[in-house]
Amino acid sequence: MQIEEFKKQIKKKASKNPEKHYPTETLKEKGYRRQRCEKCGEYFWAVKERETCDEPECTEGYSFINNPPGNQKDIDYIKAWKSFEKHMEKRGYTSIKRYPVIARWKEDSYWTNASIYDFQPHVVTGEVEPPANPLIVPQMCMRFNDTDNVGITGRHNTSFVMTGQHAFKKPDEFDQKKYFKDYFTWFTNTLKIPKKELTIHEDQWGGGGNLGVSLEIFSRSLELGNQVYMNYKIKEDSYEPLDIQVLDMGMGHARVPWLLTGKHTIYQVEFPTVCEHLFKKTGIKETQKYREFLSYSGTMDMEEVQNVEKKWEEIAEKINTDKEELKKQVTQISNLYSIGDHLRTLLFAITDGALPSNTSGGYDLRTLYRRIHDYKDKHGWDIDFMKIAEKHAEYLEPMFPETQQHLEELNEILNHEEKKYKKTLKEAKKYIEKAVEKEDLTPEEIVDLYDTKGISPETLKQEAKKRGKKIEIPSDLYARIAEKHSEKEQKEQKPRLKVDTSNYPNTETLYHEENLEFKGTFKFKAKVLGNEKINGSNYIILDRTAFYPESGGQEPDHGKINGLEVDDVQKKEGVILHKTSGEIEKGKKVKGKIDKKRREDLTKHHTATHIINGAARKTLGEHVWQAGAKKYKDRARIDITHYEIPSEEQIKEIEKKANRAIEKEIKIEKKIMNKREAEEKHGFRIYQGGYVPGNKVRIVNIKDWDVEACGGTHCNNTSQVGAIKITNVSKKQDGVIRMEYKAGEKLRQLLEEKEQKLDEIAEAVQSDQNKVVEKVKKMKKEWKQREKKIQELRKKIAQGGTQKKSERIRYMEDADMKLLQEIADKEIKQNPDKYIILVTKGKILGKKGEKCKTNIKKAVEKGSKIMGGSAGGSDTEIKGGGPKIHKAKEAYEEIKKIMEE
């Protein structure tokens with residue numbers, strides 16, 4: 001991996017010259033001296049002489065459990081944050097609220113994996129000002145690659161609070177000595193941890209496109225935090241200095257109270273009320289051997305252990321117990337802790353707008369839910385998942401009050417997931433049976449069964465056990481699954497034009513000016529900068545333009561430039577290209593004219609998209625986010641996150657709310673804002689459309705309804721949209737619903753078309769338009785009665801006929817052409833020298849045998865003409881009829897008259 005190579009290069013430089021890279025002067029002032037570990041060979045700093053560093057792999061485990069350093073045993077999870085916050089605020093840091101766990105502001109990551117993710121890329125590059133400088137933040141982070149470790153190591157989570165200490169300064173203002181001292185003195189001065197209990201390790205860190213050296217603080221083999229001095233940004237095949245220097249200290253928040261209380265696991269510190277509830281509900285107790293195991297649990301990291309079974313054997317031998325019995329005890333308790341951990345992850349993720357699904361980050365959530373569902377079933381535990389989520393929210397309220405606000409939605413979503421999973425298991429039964437019959441299932445096959453059929457490893461193990469077989473599940477299985485689904489989904493984009501625009505300046509844009517949005521003229525003047533041939537078409541580049549280029553899901557403007565037709569407009573790297581029916585000389589001044597009607601239709605449909613988005617969220621819940629949109633001149637669609645297709649009532653309510661917003665005549669504000677200012681004022685809902693490049697965003701705000709960062713054209717008031725009609729709702733993919741709709745003039749045209757069709761229906765059924773529904777209902781009832789009679793007639797035919805054979809011309813009140821055919825075929829077969837003509841409402845069938853010489857064609861044609869239609873066929877069989885079903889009996893009488901002549 002390239003980043004690992006870069007870290008090695010930086011490590012080499014820092015190891016040779018630590019004074020240039022680390023706050024060595026401060027370390028020496030504190031009584032620390034640089035040493036080298038005899039086991040791993042890494043450099044570290046300690047007050048006392050040591051043979052090894054404090055990594056658990058070099059010391060063979062934790063030594064703080066039941067034996068904590070210092071005298072702060074009463075500190076808990078909440079108090080630890082309050083202590084850190086108070087300490088750092090006194091030293092000039094501003095405490096800010098956490099960012100969402102979904103990194104909607106980042107292009108390269110779905111989840112927020114570290115506190116520095118809050119500020120990548122734009123704050124780190126210096127484009128955007130940070131919300132404070134320096135600052136601290138209690139950032140909830142997601143780490144699904146650690147799923148296999150949860151419960152086993154006693155310290156790993158799928159979500160955890162990373163306490164962030166950050167500064168973004170110019171090189172001459174970056175005070176590395178102060179930043180380290182501010183952080184270090186929290187341990188020694190505020191928490192009263194003796195310096196001899198703290199070792200400082202030299203290291204390097206890279207992530208999110210950045211790189212730097214770091215110092216890790218350990219105590220009794222537990223890593224407490226990592227202070228990174230981020231100096232570089234990663235390019236494609238190299239790295240280069242950042243314009244500003246960045247302090248990135250990330251500390252696993254729970255580790256400090258865990259160290260100081262000496263609890264058996266980090267989970268008892270992170271969610272003590274949940275642990276108490278789980279152990280009480282299940283009746284499980286920690287055994288002596290399990291507690292002995294915990295001293296070595298830090299060495300069981302599945303990402304680092306080469307041979308997991310060998311590691312189990314080593315630990316079992318050290319605590320003098322049977323390996324399999326140890327695994328059984330540890331696995332049971334780790335399953336219990338996993339339930340607590342995973343439900344906290346689901347609580348935060350769903351609170352912030354994520355949904356379990358089969359795609360992207362939603363897959364991680366579904367994996368966690370199904371994992372705890374399997375554990376619950378496997379052990380037969382009587383556990384209420386929502387009760388646990390509620391206990392999490394209650395305990396965390398002093399730090400994260402928002403978790404209390406979405407419990408009702410969480411309950412709905414988890415209930416839906418349970419139903420879906422049970423259905424999946426039922427449908428996958430045959431695949432399970434086939435899989436467990438195999439001699440050896442490869443890790444790839446196990447992952448594929450989970451991916452494609454939803455069959456979890458726990459289910460496979462249980463089913464195999466029932467058959468007296470054993471399936472080995474890879475210890476890092478969930479890490480493999482997480483890695484497979486770790487990439488952030490990219491929205492579909494139209495392929496960029498293959499053209500070099502580097503020689504052109506950025507085009508001045510006029511399409512956002514107020515005088516071009518439903519006001520004034522749609523004309524402008526500009527100068528031609530050049531012509532480009534792309535795929536056989538000509539594209540003109542102007543110095544300025546009012547033509548809106550295709551972007552943000554909105555179709556481009558059409559119009560004319562000096563009389564030449566413009567039917568496509570694209571933007572590449574700030575340069576706007578107009579596809580025209582011919583060239584215009586470079587340097588010539590031109591006049592552009594926008595197709596006003598098209599622009600207005602697009603503008604109304606784009607504004608309608610924002611209105612629908614707000615209405616859907618107000619109807620379905622706060623978990624609704626935009627997941628894509630497309631705006632055409634005659635229609636639009638929006639994809640929203642929701643776990644099922646809305647009911648008819650919900651769809652009507654969304655439409656009703658949307659039109660209510662139009663009736664309220666809400667002013668639509670459009671404003672260019674600094675990203676930081678926009679995020680602080682409006683929150684991260686502004687990133688409905690995903691990642692927005694640059695340090696400025698255009699905010700479109702429908703007050704108290706919907707606010708988004710959006711570059712599209714919009715109305716000035718909701719009333720200008722006219723009205724909205726939802727035309728179709730469907731499931732685009734798991735967890736994403738597509739809604740299609742029309743607005744403005746296109747909706748009026750749609751309604752006119754429907755009105756015309758209604759008139760046609762009314763005429764066809766001979767009814768007044770206002771009574772069409774009643775008439776159709778009546779006809780439907782009559783049709784059902786006719787169907788019943790038809791079935792009775794068929795039964796009689798099968799038994800040998802319906803009427804007397806001598807009745808060659810018959811009128812049937814209730815029949816269809818299929819029945820007429822059955823009757824005619826049967827009777828002509830029995831009487832090849834006869835004919836038969838059958839008449840019913842709208843249909844006539846004439847048929848005669850090979851030996852019959854009678855002409856039936858004239859009669860059928862005449863009867864069909866009376867019913868407003870025609871007839872056709874061969875000499876022996878002719879079919880006819882017409883729409884005037886009320887004239888069926890008149891046609892029957894006329895046919896009789898003709899045949900009697």
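## Strand E7 and its neighbours

In this predicted model, Asp203 stands opposite Ser214, a residue of strand E7. This pair belongs to the contact between strand E6 (residues 199-207) and E7, which run antiparallel and are joined by nine bridges. Two residues lie between the strands in the hairpin of E6 and E7, and there Gly208 takes a positive phi near 65 degrees.

Strand E7 also pairs with strand E8 (residues 222-234), again in the antiparallel sense, and here 10 bridges join the two strands. Within this pairing, Gly212 stands opposite Met230 in E8. The hairpin of E7 and E8 likewise has two residues between its strands, and Arg220 in the turn has a positive phi of about 50 degrees. Strand E7, which covers residues 210-219, is largely enclosed by the rest of the structure, because 10 of its 10 residues are buried.

## A salt bridge at the turn

Arg220 lies in the loop between E7 and E8, whereas Glu197 lies in the loop between helix H6 (176-190) and E6, so the pair ties together parts that are 23 residues apart in sequence. Both partners fall under the 20% cut-off for buried residues: Arg220 has a relative accessible area of 17%, and Glu197 has 16%.

## Other salt bridges

A search of the whole structure finds 48 salt bridges. One of them joins Glu292 and Lys289, with a distance of 3.6 Å from N to O. These two residues are separated by about one helical turn, because they are three residues apart in helix H10 (residues 288-294). Glu292 is partly exposed at a relative accessible area of 25%, and Lys289 is also partly exposed, with a value of 25%.

In another salt bridge, Lys323 and Glu324 have their closest N and O atoms 3.6 Å apart. Here Lys323 counts as buried at 18% relative accessibility, whereas Glu324 counts as partly exposed at 41%. Both residues belong to a network of salt bridges that links Glu309, Glu313, Lys323, Glu324 and Lys327.

## Strand E16 and its neighbours

Strand E16 (residues 575-580) is largely enclosed by the rest of the structure, because five of its six residues are buried. Strand E12 (residues 537-542) pairs with E16 in the antiparallel sense over four bridges, and within this pairing Leu577 of E16 is the bridge partner of Ile541.

Strand E15 (residues 564-572) pairs with E16 as well, in the antiparallel sense and over six bridges, with Lys579 of E16 as the bridge partner of Asp568. The hairpin of E15 and E16 has two residues between the strands, and Glu573 takes a positive phi near 50 degrees there.

A positive surface patch is formed by Lys523, Lys525, Lys527, Lys589, Lys591 and Lys593. Strand E11 (523-534) and strand E17 (589-594) each supply at least two residues of this patch. Lys527 is found in strand E11 and is partly exposed, with a relative accessible area of 37%.

A negative surface patch is formed by Asp384, Glu390, Glu394 and Glu397. Among these residues, Glu390 is found in helix H14 (residues 385-396), where it is partly exposed, with a relative accessible area of 35%.

How values were computed. Residues are numbered from 1 along each chain as its sequence is written. This is a predicted model: local features need pLDDT of at least 70, side-chain atom pairs count only at pLDDT 80 or more; totals for chains, interfaces and linings use all residues. Side-chain values use heavy atoms; hydrogens and water are left out. Patches are made of residues with over 30% relative accessible area and no salt bridge: like charges are joined within 9 Å, nonpolar side chains (Val, Leu, Ile, Met, Phe, Trp, Tyr) within 5 Å. Accessible areas come from the Shrake-Rupley method with a 1.4 Å probe; for residues, only the protein chains shown count as cover. A salt bridge is a side-chain nitrogen of Lys or Arg within 4 Å of a carboxyl oxygen of Asp or Glu. Lys and Arg count as positive and Asp and Glu as negative; His and the chain ends are not counted. The place of a charge is taken as NZ of Lys, CZ of Arg, CG of Asp or CD of Glu. Buried means under 20% relative accessible area, exposed over 50%, partly exposed in between (1.4 Å probe, protein chains only). Two strands pair if DSSP finds at least two bridges between them.
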